[in-house]
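Me: I would like to go through a structure with you. Could we take it one topic at a time?

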Amino acid sequence: MQYDVTVIGSGPGGYVAAIRCAQLGFKTAIIEKYSTLGGTCLNVGCIPSKALLDSSEHYHNALTHFKEHGIDINKPKVNFKQMIARKADVVKQNVDGIAFLMKKNKIDVHQGVGSFIDKNTIKVTPEKGEATEVKTDKVIIATGSKPADLPFARIDKKRVISSTESLELKELPKHLIVIGGGVIGMELGSVYARIGSKVTVVEYMDRIIPTMDSTMGKELMRSTKKIGIDFKLSHKVTAVENTGKEVVVKAEDKKGNEVELKADYCLIAIGRKAYTDGLGLDNVGIKTDDRGRIEVDEHLKTSVDTIYAIGDVVKGAMLAHKAEEEGALVAEQMAGQKPHINYKLIPGVVYTWPEVASVGYTEEELKEAGKSYKTGSFPFKALGRARASMDLDGQVKVLADKETDEILGVHIVGARAADMIASAVTAMEYRASAEDVSRMSHAHPTYMEAMKEACLAATENRPIHM
Ligand code: FAD
Ligand code: NAD
């Protein structure tokens, strides 16, 4: 089979690249080693985690908020098996949707591990049956990432687990230790804390979600303590042992004291690493960097002229929408177009409750760059909408250039922050000033009014409702 473009990997990077290639008239193939399409994101990442976050949030609300809303129910019970079954159904609907899109766009799907024989020939080895060969002019590598582990804490998938296993446990953990207070740790830690597990987050740094603006981590920690999450910050994990019945985690606190924790499960969530196993990169002379990521130039081209790489397997944020943008960009470049990605405007979201969402520079980054800036914040508790829904935790923080008033960063912790951040991205893409946003009408009552108010605070320190 001869193709114009062959994509290896069917996650959000790969399947979007394939669709865009097909839309642009290229004869396109996609190779995926798993039996379902959609990659990490749809199978064991974004989608299943959000399904469990939504289910656990419903339970938590029924338990804690319904009464105050005037809804009397018998004490709700968690049916964990059903929660996991619904999640599996949500995943199935999504991955079937990708299969449909491949068909609709006349993209050939080859199931099996893709491995370079040379730059125009890829061997596809399926789980069962004979290997085949695909001939192609160009290749897009989109093989994604895998969970990282610690040298002394191997993920055994039984009691010492990664996010993948945590999405389909057979029983509700009594005590879940989460190593890493980043995005996965806080999202999946929240799921289990809401439905009754004791959750302890052990984090190496002195704050959680450390790559985000520090105000966000502080607020999120305050809120998630209320659902019972216990935090051990500035703790260096030194040992993780599955004794069969339980997991024993040893860590050193910042004074050097040894702390020992015991639990029935330990989730390792310390980051992810690029995945290139079995790709046969040596056969085409493509190099990886010191973190195992495929080296690419600013056009996402590898050292081989006709081979590109995108998404988690290359540098940059490990996010589905970043991978998608890169997939579209590479396809459009191949068609002779001149697309562009503004990497600074790729938003980051943590789907806890309250949600955290962020775009642009953090205050720490502006300080480090020596940039003069001003800040405007507005708390959710001063919003009529937040009072009505009882979502009082959180704030919008706007960072703007001190001289020009251009918005440089927006950081939101609060209800629906994940959806709100899109308007900050739009404003920043058009290089709006804080005053521009503060003069736009925002519907009342909405959470978005906090964005307008934070911009008023940043512009002239004159929020209306404070
Ligand atoms: P992947 O989605 O990892 O897909 C790579 C695919 O390539 C896989 O299907 C793999 O089987 C296949 N493959 C690998 N090697 C080969 C080979 N040699 N031959 C054939 N196929 C191969 N991001 C967000 O933006 N929002 C979220 O809410 C979010 N939640 C997440 C929750 C969890 C628990 C996790 C783990 C991740 C989450 N992410 C989220 C991150 C997101 O999943 C990744 O950034 C995204 O999936 C990267 O897309 P990708 O296309 O680069 O790679
Ligand atoms: P992360 O980088 O978000 O967080 C890892 C955390 O572990 C950090 O806080 C880090 O300081 C800590 N850590 C590292 N080594 C440690 C150690 N030895 N002991 C204790 N703590 C340690 O990584 P993640 O949460 O594993 O997520 C992986 C990737 O998946 C992220 O890049 C993220 O972008 C992506 N993801 C995104 C979403 C989302 O967009 N909502 C959700 C889940 C995952």
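Predicted model: local features only at pLDDT ≥ 70, side-chain atom pairs only at ≥ 80, totals over all residues.

Me: What is the order of the strands in the open sheet?

Reply: The order is S18-S19-S22-S21-S20, five strands being written there as 5 in an open sheet with antiparallel pairing.

Me: Which strands stand at the edges?

Reply: Strand S18 (348–350) and strand S20 (373–379) do; each has a single partner strand, so one side of each is left without a neighbour in the sheet. From one strand to the next, the twist averages 10 degrees.

Me: How many bridges are there between S19 and S22?

Reply: Strand S19 (residues 355–360) pairs with strand S22 (residues 407–414) over 6 bridges, in the antiparallel sense. Within S22, Gly414 is the bridge partner of Glu355.

Me: Which strands does helix H8 touch?

Reply: Helix H8 (residues 214–225) packs on the sheet and touches S19, strand S21 (395–401) and S22. The direction of H8 makes about 5 degrees with that of S22.

Me: And what does helix H14 lie across?

Reply: Helix H14 (residues 449–460) lies across S20, S21 and S22, and runs at about 145 degrees to S20.

Me: Changing topic: what is the volume of the second largest pocket?

Reply: Its volume is about 840 Å³. The pocket is lined by 32 residues, of which Glu57, Asn61, Trp353, Pro354 and Asp391 are the closest to its centre.

Me: Which helix gives the most to that lining?

Reply: H3 gives the most, with 8 residues. The elements that give two or more residues are helix H3 (46–64), helix H4 (66–69), helix H11 (384–389) and helix H12 (417–429).

Me: How do the residues of the lining divide into nonpolar, polar and charged?

Reply: The lining of the second largest pocket has 11 nonpolar, 10 polar and 11 charged residues.

Me: What about the largest cavity: which residues line it?

Reply: The lining consists of Pro147, Ser162, Ser163, Ile184, Ile268, Ala269, Ile270, Gly271 and Arg272. By class, 5 are nonpolar, 3 polar and 1 charged. The volume of the largest cavity is about 60 Å³.

Me: One last topic. How many disulfides does a search of the whole structure find?

Reply: The search finds 1 disulfide. The disulfide joins Cys41 to Cys46, with an S to S distance of 2.3 Å.

Me: Is that disulfide left-handed or right-handed, and why?

Reply: The torsion about the S-S bond of Cys41 and Cys46 is about -130 degrees, and therefore the disulfide is left-handed.

Terms used:
Residues numbered from 1 in each chain as written. Chains lettered and ligands numbered in written order. Heavy atoms only, no water. Pairing = 2+ DSSP bridges. Helix = DSSP H or I, 4+ residues; strand = E, 2+ residues; numbered from the N terminus. Axes fitted to C-alpha atoms, helices over the stretch in contact; angles between N-to-C directions. Contact = heavy atoms within 4.5 Å. 1 Å grid on protein atoms, 1.4 Å probe; cavity = no way out; pocket = protein on both sides within 12 Å on 5 of 7 lines; lining within 4 Å. Points joined across faces, edges and corners; volume = space filled by probe spheres on them. Nonpolar A, V, L, I, M, F, W, Y, C, P; charged D, E, K, R; others polar. Disulfide = S-S within 2.5 Å.
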